[in-house]
Every structure is written in structure tokens, then in C-alpha cells.
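Visitor: Please pick one part of this model and take me through it closely. Then show me how it sits against the rest.

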Amino acid sequence: MKAFSYSFTFCCLLGLILLATTDGLAQVESSDSLLSPLLPPSEVIAEDHPGDAGGAIIVRWKLSPDEDRGVTGYEILRSTSPTGEFSSIGFAAAGSNRYIDANTEDSLTYYYKVLAIDVSKNVSESELSSPVRSSAQWFDFHLLNLLIIGGLICGAVIYFIAHAKKGKKLFLRKIAGLEAVDEAIGRATEMGRPILFIPGILDMDDVQTIAGITILGRVAKTIAQYDTKLNVPTSRSIVMSTAMETVKEAYISAGRADAYSEDFVHYVTDEQFGYVAAVDGIMVREKPATCFYIGAFFAESLIMAETGNSIGAIQIAGTAMPAQLPFFVAACDYTLIGEELFAASAYLSGEPKQLGSLKGQDVGKIIAMSAIVIGALLETFFAISGSSFFGSLAELVHKLFSIVAS
Amino acid sequence: MRKDLVWLFAGILFFGLLYLLNWGVKAISTDLLVWIGAFLSLAIFSFLYQDNPFYKFAEHLFVGVSAAYWMCMGFWNTLVPNLIAKLHPPIVKGVLPAIAEKPPEYWYIIPAALGIMFLMRLSPKAPWISRWALAFIVGTTTGLNLVRYLRSDFLGQIKSTLIPVIVVENGSLSVGGSFSNIVIVLGVLCGLIYFFFSKEHKGIFGVASRVGIYILMITFGASFGYTVMARISLLVGRMRFLLGDWMGLLQ
Amino acid sequence: MSFFETIANIDRRVIFLFIGFAVIIPVLLSFSCREEATPIVQSIFDKIESLPEGSKVLMSFDYGPSTVPEVQPMVDAFLRHCCEKNLKIYMMALWGTGHNLISESMEDIIEKEFPHKVYGVDYVNLGYKAGNQGLINVILTDMKKMYTTDARGTEIDAVPMMVDIRNLKSFDLILSLGGGFPGIKEWVLFGGDPGNIPMAGGATAVSAPLLYPYYPRQLLGLLGGIKGAAEYESALIKGYPKFKTYSHPAIDMMGPQTVAHIVIVFFIVIGNITFFIGRKREEGEKREGGVIK
Amino acid sequence: MRRQIPLIITFIVGSVLIISVFIPHKPFGQLGENFSVYFDIIAVFAFILGAGNLLRVHGNRIYKKHKDWPYSMVTVAGFTLMMIAGLFKIGGSPGITGDLTEPGSMFEELYMYVFTPLMATMFALLAFYVASASHRAFRAKNKEATVLLLAAFVILLGRTPFGVKLTSWLPDPLSFLEIPNLASWIMSVPNMAGQRAIMVGIALGVISMALRVILGVERTYLGADSD
């Protein structure tokens, strides 16, 4: 853990230095010259827009010295030849010293001019920019911080997965909802009633659904050992076929291929409330003893959980939809909150490799917490002392965690 | 004859009769479509009492109609313009004349192939090929989501928590502002501690994790309480339809 | 079973029945209860009230059809208040969908209820322009760069009320309606704050909590959802009793919602009272049991 | 081999998508978007499986005279009707060249008068369930439940005129204790802190889960549980 704190601090500093160097705005000076003709903007520089797929050029200039004397804005002109005809491609407001031309061909060379315009519609033209071409880059330096922090977290997860392979025993705290899974399945068996599993209402392009399906696989393996009926209505066709495959394999690997039925998993409808209507119907008619709601949910969460409650089922929910968590917490017996949902399949698998990844997640939390503590302290020192030293440090931490769309 | 069906038919008949007999009555709606909407609404509401033939009818109708609805939407809004029209534009000349002129984009053969692979589940010989398509889907989902969540939920949320715990306003200390910021910073920290998996929640750590639970409980209670009103407004809307549009009891 | 146990284990259908009646009866009777404007709402009313005749108010329509039920009542109330106070209203949209909503609002409120108001003199529709926060950024320094004509295609300098508008700082108040992206937050960050222009807004109930942190320094007031709209409508009626006869959809919606809300609060209280009495009794019984044994 | 190929595909697709975020250059920059389009297309193909399954389930019930078989007929009939109306764009002025949701078309009418009331009413049931859930869940059973109850209660009260009146007598220096102010403080401070902690946790959970899947450590979804 210590090594991580150190490397984190080191990487922070590295990132900060890199970030600090990428973004420097030209200082703007203005001088007063009265009643002379409108002075043009100067030092027009055109450069390829960095960190993109090509097709864009940034034009920068030094403001017209007459900025304070009624300049209303700048017009940007472009041509493909220094002597050819220049055409207007856009405007920038007074006081702004850059313009992004997002409509260029990478194969052409461009020349730019910037016009200053004042209240009385006088114009004055700058010198020509040097020739420029747009091009695509292989790395977006604006995302360097994302790469550093993402790299740290992913590195931690991968490290602990690899580490766990060597068989080091990990301490893991208990998660009540998962402890209850076996009991809930056993209860359904005793009562001779089915188990209902709802893998959320989103498709396989949501990571919560994948978490739901993996948990279904684990749960189904346990269920397979009992003679209990499993019912998995799905609201997406792809989820249906994935769930079918998963449940079938779970039964096979539990040695109960004979107990598997094609009817366990079935498609209902893609429509959110149509799906809920059908699930409610299943609940009151089949009276499952246990209901799992694991995946992505929206407004339907409470409709299902309340109906499940009215039939006296044990209910175990898990979702990473912050808006629906309160309803599950209120109406279900156990709720896997956010991160616990994604940890659940690792817990249930009991495999060291999977459990190792949880330790990697904890490193992510340490990174988050140390960043918050450091950032908040720097901000506080800055607020109290007003010292620009703390100000710039705080600014740097901010930059490390900001996603600047260039 | 089955009892539930008798009830169902009797109910529908009764509703139909009401509809036919209301012609003279001034206020009540004469629009058959409004009557259908009202009947279906009441059928769903009846579930609040208990399961019954009317709810069963409405539920099964809902499932059939809505499943087909989304399939038609998928066919006309995705398959035709985004696949067929891309591969062979002239085919859609009859339905989407605007697109039919464009040159074909052959790389759309990839999703078509993946789609067909997925359907191989039905094939008796090589159902395992469908797993390739599934592997593609899962790879896409995990790859995209990893970065997406890292960006907006991890970096974004941490960034908004980088706030001073002592707030100075116009040169003087703001007690309220400072208190709020301290609660936010400590709240986030304790909340995160609650989620720690690999460390026993004992001692100071245990205390922080308890505070974390309380913060989460406040969050859940507050969000729940806040949503109640919005949920009731949905019912008000339905009641206005039933009492107003249908029965004409509202002015 | 004792009375308390009966109440504690009340059949949920009884609660359903109460909720049903709590909504049906007020809807039937068009019951509405007096909404007291909370400070966060009252401050917007007071601000508009304090503006002298002819002051310029910019309204940005940053919402779409799905949030019309929540946001439109706010728009209507603001429009009425501004018209009544003879303020000049400038309407624009950061959302493409806002464009039609401006025309509809003009038709429904200004043209119908204030027919003496003249387009171009008392109110103007600047329409939708793309650019999100970038648009705000530009008009912060120059309005006419982006708006060369109004939504009807009239040259901007030919619109009388636009002549003395240079940029956002020319306005006395900015009202943003919506709450999604782009919306109030972008207006605060790119318009109100840098330009130091008084700002207020109306947001859907879902997005309002995220905007609270801006009140009262960066936002002088905020209407949150139907409730905020209803509070504003009542403030308006209180200040100008003639509006009592006008439509007030938010107040109408609030009546049944409030009654149902109170019923829910009542059930929570009852649930807790019976829970505590039940627990006391249980403890008492246990103790007695101990003595007998 | 059959087990290995899918794992390799997932690994390549997943890691390329992660890397592509940092590479604006063609073709990487567009990959995420393109792959999402692919997903939508595969999803339409998969509808064939979904529809087939729906019809099989209800067909079986009708065939085997399951106790709810007449209702299954309703599902099949509703499905067939909507499908014909939608695929052939029946009604509506321009016919097959028109918009699917053209006003006046059979598809649109079914949507407006059958689909919409069912959907809105199902949604409206929430008003009832929110009441029964709060009656049952908001009880001071233990410390956590008490905190939940208090937070919910203040927010609920703050949204009724009654709650506003209850504390409006408080003197100005104590105005922050007035229920509406307290309610908005709870919403914007502790509630926000909790939301943030949850979201940061979720992000970490997603990252770790995604890595497990991409690296092939987690393969349950493929139906391949063990090596």
C-alpha cells in the first residue's frame, strides 16, 4: 500500500508538470493610441489543432492595440494560396485571441488572416499567417491525466489479480446481501416455490447487465444443486440468449444438466413498463419465495420490489443506479449498493484471482481519498492565506482531475 | 365455461354497453378511443386490489403490443437506414428515397456478419459461433464503460470535492459555508471507507465506516423523500384523464 | 389482535385507498392550497418587482417537450409578471426544441393576455442558436455577432428594442428555464458570473438539487419543479389579484399532490407511533415473562 | 479452442477500445462510436430470437392448454397486429415511404390509444407503492433506519405548506433551521456527499469488473465457468 502512495504522489507531480506545460496562453498587452486608424491584430499564428483526428486548425493572434477603442470582434479569413482569394470562415468576439477552424482538409495547405472590426465597421487586416496543414495525432495529450490515473488504478487491479494467483490469502469483509444468497435459495427449496431473477432492464451494452448475468451464473450453479425452479424474464433479446447460455452452463458444471429447462429464461418485451406489468403478473401468480433484482433499473424498481414484498418473498437487490438505490434499500431485505454489485460476482466465485481484483479497487479508493484530502487542504490553505503558491498547487490538483475537452 | 373469462367478457360487455348508452349524456366522452384508454387504465389500476382477469388481459395485451412496437422501431429506424441502406442503397429506394442515392459503405458488412453469427445460436451445428458475437459485445461494453466511468464518475466527482474546508467570504470566515464543505469532504471520505473490502472495519476505520453508512442513509432517505412528489404527479395526470377526458367531471 | 397491532400491520390496500382518495377528491373539487413562496422563490419575484419599467429581461428557453409540464407553468408566470410590470422581454433558446416553445408561449400568453404589447418593442423572439455555452460566451461580449436577425428574419437593428443592446451586460436580469444541459448551470458559469449579471432560473425537480449550491450568490433565486412554479404563481396572485382568474396549472397540480403528500407523512407518523407502542409492550411482556419464570 | 476464441475477441476488442480513447488518429478515434452502432444492429438481429421465444412461450401455453392460455392468445394477437401495422406501415398517408409514426397510421393509433394509457397507468402505480413503501420502511427500527427516516421526513415535510408553517416562527438568526432551508441543505450537502461516494465506488467497481472480463478472469457470461 505504501509503495502505491509513493508512486501515486510521484505520478501526480509528473502529470502536473506535463499538464502545466501544455497550456500557456499568450499574455495580452494593450496600448492607447487615439484617433489613429484602426490597428490590426498582429502575430497571427496558425497551428494544427493538437490531439485530434485531423481536420482542425487553431488560429491565434495578438489582439488589436485598439481593443479598448471599440473593436467589436475579429473576422477570420482563409485561403489555400497566399495570393489567392481569402474567404471569411468565422468570427471571434472582441477580447478573444483564438479561433478553431474545424473544417479543414488534411491534404491542403492553408493561409490565414484576421480582421479587426470596430463599431463603425472599419476593418483592418493582419499580416498573413505562415502556411499550415491540419493533421491527425497518435496521442491526445489533453488526456494525459486520464491515462496516468487510469493506469494507476488498472495497474493496481491487475497487480493484485496476478498477486492473488500465487495463493496469498486475502481478508475480505462480509457483504450481508451475499451471505444471504444461500439461505434465500434454501428457503425457496423448502417452500417448494420458484426463484425469480431479474437481470435489470438494460441491454448487454450496460456493464451492470454483465454484472447481473455473471451473478445469475453463480446463483444458478447453487440453485442447480436443489430441485428448485428458476424463472428469469428478460427485457432484451441479447440478454435472453446470454442468460440462457449462462444458466445452461451453470447447470452442466453443477452436474445437473438433466434439471435444466429451456423455459427458465424467457423474453418478455423491450418496453420498460410492459416488462414490469408481466413481472408483477409472474410474481402474484407463481409466488416466488426469493426475488433477485440485479442489474440496471429505473422507475420500475419500486413497482417490482413492492409487489415482491406483498407476496412475502425474500428480496435481494443490487444496482449501480444511484437514483433507484433508495427504493431498493426501502423495500428489499438486502441491497448491494453500487460498488458491491460489481464486487458480488467476485465474492460469489471465491476464486483468488477475482478476489484479488477487489483489493485493487481498494487501492483506487486510497487514490481517490488521498487526492481529496490533498486537494481540500491545498484549497483551504489558499483560501486562508491567499498565497499564490498554494493557489497554483491547488490549481494543479484540479487540472489532474479535470477532463479538458480541447 | 371458465369463471375468469366470464367475468372478463361480462366486464367488457358492460363497458361497451356503457359506451353505447352514453350518447345522450352530455359530459362523458363519446370517443371510442378514449373509452379504450380508460378501460385499459382501470384494468391496470385493478391490480392494486389483487390479480384479476382484467389485469391479466391488459398485461398480456401490453406485452404483445409493446414487444412488436420496439421490434418495428428497430427494423425501420436501425436495420433499414443503418444497415441495408449502407450496404446496398438502391434497395431502399422505395422507402427512403433520400438515402438511396448515397454510395454504399461496405464495412457495414462487419455488423451484419456479427448479427448473423449471433443468430447461429439457432443452428444445430455450430451454436458456439454466437459466442463470438457475444464476446464482441461484451468486449465493447467493458472497454467503453471502463473509460467512461473513469472519466465522469471517478475524475469528475473527485474534482468537485476539491473544495476548501474553511470558507472565507469577503474577508471574513463563513461558518455555514465551512461547515457544509467539511460535511461534504468528510462525507465523501467516510462513504468511500464504507466500501472498503479488504480491510476490517474496526477501530477508527470502523467509526469512519459507520459515519459512512449514516451518510448513505441520509442520501437514500433524502432522495426517496424528494421523489415522492414527482411520483404522485403521475397519478394526478392519470386521474385527470379518467375524471376529465373520459368522464367529463372536470370543467 | 389489539388496535395498535391492527394499525401497525395495516393492509397496504388501505393505504392505496387513502392515496387514491387523496388524489381523486382534490382533482374533482379542483382543490388548491395556498402555497407560501419560500425565500428562494420570493427573491425572484421581488427582483422582478423591483425592476423599473422598461428594464430588459432575457429569458432563455432551455427545455424540451418532455419537461413542458414542469417548466411551462414557470415560463407562463414569468411572462405574465414581466408583461404586467412593462418590462422588455427578450426570448432566446439554447435548445433546438426551445424554438417552438417560444412561439407557443408568445401566442398563449403575451398575444392572448396582453394584446396591447407590440412585437419588437415589448418582446422579441431571438430564436435558437447552436453553440451551447460557447454561444453564451460570445454574447457575453457581443450579442449581435450571433443574432444578426430575430427569429422572424427581421434585421436585428431594425428591431426597435434591440438597438441599445450590446451584449449580455445590457440586460437587467437573465432567466434561464430548463435545468438540463445546456441550462442554468452554463448560464451561471459563462454568463451571470463573468458578466456579473443578476441571474435566476427555473428547473425541473430532478435537476434542482444540483443547482442549490449556486443560491444565493450566483443565482438570486430558483424555482424547483411544479412546487417552485406553484409558489411563484401564488406570489403573483398575491401581488396582482387579477391573475387569480388566469390559468395556474402548477397550483392546480399542487393541490392533489400536497394532500397525498400529507397522507403519506401521516402514515409514516402512525407507523412509527404504533411501532414504538408495540415495542414498549413487547418489552413489558418480556419483563413480566421473566418474573413468572 | 472454442472457449479460447471468444476470450481472445473480448480481450482484443476491450483493450483496443480503451487504448483508442487516447488515440485520436483514424481509425481509432471513431471506434467507440462505430462499435455502438454495431451493437444496435446486432440487437435488431437478436429481436428474431426474442420474438421467437415470446411466441414459443405463449404458443406452448395455448397448445398445452396452460391455465392462462386465453390470455396468451391476447399476447399473440396483440403482437401480430402491431407487427403487421408497423412492418407494412398500414394506414397513414404516404404508406410505406412515410414515417413509421405518421399520424393516422395504424401503428401510431395503437401506440397512442393502447400502448400509452397502459404505460402511463403502470407508471402511475408508483404513487401507491411509494406510499406503502414509506409506511413500512420509514420506521425507527435501529440507528440507520432512524437516520433514513429523519432525512426523508424533513424532505417530505419541506415540500408541504404544513412543513413550511411549522417552523416559520423561528427568529432570523435561526432561519437555517427552518424546514425548507434544512431540506435544501440536506439535499445539497450530505446527500451530495453520499451520492459522490457512491459514484466514485461505482466507477471503481466498473473498472475492476471490466478488467476481470477483458483479461478473461471472469467468464461466466460466456457460459464457461471454469478453465
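Guide: Of the 251 residues in chain B, 45% are buried. A residue counts as buried if 20 or more other C-beta atoms lie within 10 Å of its own, as exposed if 12 or fewer do, and as partly exposed in between, with C-beta atoms placed from the backbone. This is a predicted model, in which local features need pLDDT of at least 70, side-chain atom pairs count only at pLDDT 80 or more, and totals for chains, interfaces and linings use all residues. Residues are numbered from 1 along each chain as its sequence is written, while chains are lettered from A and ligands numbered from 1 in the order in which they are written. For the complex, the predictor gives an ipTM of 0.87 and a pTM of 0.87.

Stay with chain B. It has seven helices and two strands. Both kinds of element are DSSP runs, numbered from the N terminus: helices are H or I with at least four residues, strands are E with at least two. Along the sequence the order is α-α-α-α-α-β-β-α-α.

Now the overall form. The C-alpha trace of chain B spans about 75 × 60 × 45 Å along its principal axes. Its radius of gyration is 29 Å, whereas a compact globule of 251 residues would have one near 18 Å. That radius is taken over C-alpha atoms, and the globule rule is 2.2 Å times the number of residues to the power 0.38.

Next, contacts inside the chain. Two residues are in contact if their C-beta atoms, placed from the backbone, lie within 7 Å. Take the contacts in chain B with a separation of 6 or more: 26% join residues 24 or more positions apart.

Chain B also meets chain D. That contact takes 99 residues from chain B and 98 residues from chain D. On the chain B side, the elements giving two or more residues are helix 2 (32-45), helix 3 (53-87), helix 4 (109-119), helix 5 (130-160), helix 6 (175-194) and helix 7 (203-246). By class, this side of chain B has 66 nonpolar, 27 polar and six charged residues. Ala, Val, Leu, Ile, Met, Phe, Trp, Tyr, Cys and Pro count as nonpolar, Asp, Glu, Lys and Arg as charged, and the others, Gly among them, as polar.

Cross over to the partner. Chain D has eight helices and zero strands. In chain D, 56% of the 227 residues are buried. Its C-alpha trace spans about 70 × 50 × 45 Å along the principal axes.

One residue of chain D deserves a look. D:Ile42 touches B:Pro111, B:Leu114, B:Gly115, B:Phe118, B:Ala133 and B:Ile137, leaving out residues up to four places away in sequence. A nonpolar core is a set of buried Ala, Val, Leu, Ile, Met, Phe, Trp, Tyr and Cys residues joined through C-beta atoms within 7 Å. The largest one has 343 residues, and A:Val247, D:Ile42 and D:Ile207 touch the most other members. Helix 4 (residues 106-137) of chain D gives the most to this core, 19 residues. Another core, of 19 residues, lies apart from it, with A:Ala46, A:Tyr74, A:Tyr110 and A:Tyr111 among them.

Chain C touches chain B as well. Here 16 residues of chain C are in contact with 14 residues of chain B. Helix 2 (12-29), helix 10 (225-239) and helix 11 (249-292) of chain C each supply at least two residues to the chain C side. That side has twelve nonpolar, two polar and two charged residues.

Helix 11 of chain C also holds C:Val265. C:Val265 counts as buried because it has 22 C-beta neighbours inside 10 Å. Setting aside neighbours within four places in sequence, C:Val265 is in contact with D:Leu156 and D:Leu157.
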